[in-house]
Amino acid sequence: MLTTFSTLLTWGLRLFGGFWLVGGLLALQKARQAYLIDNFLEALSNEKEDRLTSRFLLIGSLLTLFSGAGLLISTQWVLIPLALLVLSQLVYFRIKELRFQQATNDEERSDATVQPSTENAFIVSLVVAIAAFLCWRLGGLR
């Protein structure tokens with residue numbers, strides 16, 4: 001029974017890893033677009049843009065890409081990028097929370113608000129990390 005669960009979990013994570021890998025590639029493209037938009041806005045306004053979101057997108061997309069590859073090949077090393085992904089999201093949330101507390105107007109508060117899609121991505125990352133850890137403990141990741 002436990003072996004069957006481990007096998008199902010391993011193959012489920014492999015399948016999810018394929019989608020996760022594609023998602024990482026799409027997120028990497030979105031991070032590149034955010035970087036180019038920041039450059040464009042800086043050139044137009046001659047003011048420095050806040051690059052927190054574009055940097056977070058880049059870090060998150062790379063970690064998603066690496067963890068997707070790790071899930072796809074079922075390696076125990078996938079736990080490292082998954083842990084770093086969850087940690088980076090927690091750091092991002094904390095920075096946004098501090099900025100929200102320091103905001104002096106509605107525009108700053110709006111900029112400091114975490115998007116629901118980012119919160120959902122964090123939940124998915126956390127569930128995947130827990131599932132991968134469980135799979136590793138059951139011997140499904142080599």
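## The loop between α1 and α2

Asn46 is placed in the loop between α1 (2-45) and α2; helices are DSSP runs (H or I, at least four residues), numbered from the N terminus. In this predicted model, local features need pLDDT of at least 70 and side-chain atom pairs count only at pLDDT 80 or more, while totals for chains, interfaces and linings use all residues. Residues are numbered from 1 along each chain as its sequence is written, and side-chain values use heavy atoms, with hydrogens and water left out.

The phi of Asn46 is near 55°, a positive value in a residue other than glycine. Most residues other than glycine have a negative phi. Asn46 is exposed, with a relative accessible area of 70% (exposed means over 50%, buried under 20%, partly exposed in between, with a 1.4 Å probe and protein chains only).

## The loop between α2 and α3

Ser74 lies in the loop between α2 and α3. Ser74 is not a glycine, yet its phi is positive, at about 55°. Ser74 is buried, its relative accessible area being 1%.

## Packing of α2 with α3

The axes of helix α2 (residues 52-72) and α3 come within 8 Å and cross at roughly 160°; axes are lines fitted to C-alpha atoms over the stretch in contact, and angles run from 0 to 180 degrees between N-to-C directions. Helix α2 is therefore roughly antiparallel to α3 (an angle over 145 degrees).

The contact (heavy atoms within 4.5 Å) includes Leu52, Phe56, Ile59 and Leu63 of α2, and Leu82, Leu85, Tyr92 and Arg99 of α3. Its residues divide into 12 nonpolar, 6 polar and 2 charged. Here Ala, Val, Leu, Ile, Met, Phe, Trp, Tyr, Cys and Pro count as nonpolar, Asp, Glu, Lys and Arg as charged, and the others, Gly among them, as polar.

## Packing of α3 with α5

Helix α3 (residues 79-102) and helix α5 (residues 116-137) have axes that come within 9 Å and cross at roughly 150°. Helix α3 is therefore roughly antiparallel to α5.

Residues of α3 in this contact include Leu79, Val86, Leu90 and Phe93, which meet α5 residues, among them Phe122, Leu126, Phe133 and Trp136. The residues of the contact of α3 with α5 divide into 15 nonpolar, 3 polar and 1 charged.

## Annotated transmembrane regions

An unreviewed UniProt entry annotates residues 12-31, 52-72 and 121-139 as "transmembrane region"; such annotations may be inferred rather than shown by experiment. In the model, residues 12-31 are 100% helix and 0% strand, with end C-alpha atoms 28 Å apart. Residues 52-72 are 100% helix and 0% strand, and their end C-alpha atoms lie 30 Å apart.

Notes: Helices (H or I, at least four residues) and strands (E, at least two) are DSSP runs, numbered from the N terminus. Angles under 35 degrees count as roughly parallel, over 145 as roughly antiparallel, 65 to 115 as roughly perpendicular and the rest as oblique.
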